[in-house]
Amino acid sequence: MSKPVRVAILFSGRGSNMETLAQHLAKPDVPGQFVLGVSNRPEAGGIGLCTRANIPCAVIDHKAYDTREDFEADMQKALASARIDLICAAGFMRLLTPEFVTHWHNRIINIHPSLLPAYKGLNTHKRALDDGAKQHGCSVHYMRAEMDDGPVIVQKHVPVHADDTPDTLATRVLAQEHVAYPEALDIVLEKLASQQP
Ligand code: GRF
């Protein structure tokens, strides 16, 4: 049997997607292992989730660095010392340089709260409502140098209701994010597991 894929999860906030992935990775038949959390915000709620799950968490505060490159150099060190095979970005609100993303080509995936390529960037729910969109949703995709770009692995649609606010729509989308991310992870893990030595 091949060795489990070593997974790091990058986050900046409450970490509900990370928690969903952590629960998925804890299943014995899933060929991956959650070995490192990485937060760029010392106040992120997700740090407590790592502590409670007994998963090491590297808190690398981007504000402590003069340049994006220096910040990423420390992330790379943490990822290398944990011998990470795959990065899952889950609400990681920091742009990564093309050099970083290229280094992890096809080994870094992200979740975005829209049906990409629609609504790249921030405030996706409000923008969908402002446009009168009838359908909205989320996408898990391989990361590429351009923000919210890259091959889509899984998408989930949700209907937009006439009385939706950005918050009600976000709640409906988030429930689907928690379905989409484990599904996408399974697809990626299967590919990577077959490449492990
Ligand atoms: C999610 O909606 C994710 O798609 C977006 O930020 C939110 C993070 O939520 N990029 P959580 O921290 O995973 O709960």
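User: Which residue has a polar backbone atom 2.9 Å from an oxygen atom of the ligand?
Analyst: This is a predicted model, where local features need pLDDT of at least 70, side-chain atom pairs count only at pLDDT 80 or more, and totals for chains, interfaces and linings use all residues. Residues are numbered from 1 along each chain as its sequence is written, and side-chain values use heavy atoms, with hydrogens and water left out. The backbone one at 2.9 Å comes from Asn 17.

User: How much of the ligand's accessible area does the protein cover?
Analyst: On its own, the ligand has 360 Å² of accessible area (Shrake-Rupley method, 1.4 Å probe).

User: How far is a polar side-chain atom of Arg 14 from an oxygen atom of the ligand?
Analyst: Arg 14 is one of the residues surrounding the ligand (a heavy atom within 4 Å). Ser 16 also puts a polar side-chain atom 2.5 Å from a ligand oxygen. For Arg 14, the distance is 2.5 Å.

User: Is Cys 138 buried or exposed?
Analyst: Buried means under 20% relative accessible area, exposed over 50%, and partly exposed in between (1.4 Å probe, protein chains only). Cys 57, at 24%, is partly exposed. Cys 138 sits at 0%, so call it buried.

Technical notes. A polar contact is a pair of N or O atoms within 3.5 Å; within protein, one must be able to donate a hydrogen and the other to accept it, and residues adjacent in sequence count only if both atoms are side-chain atoms.
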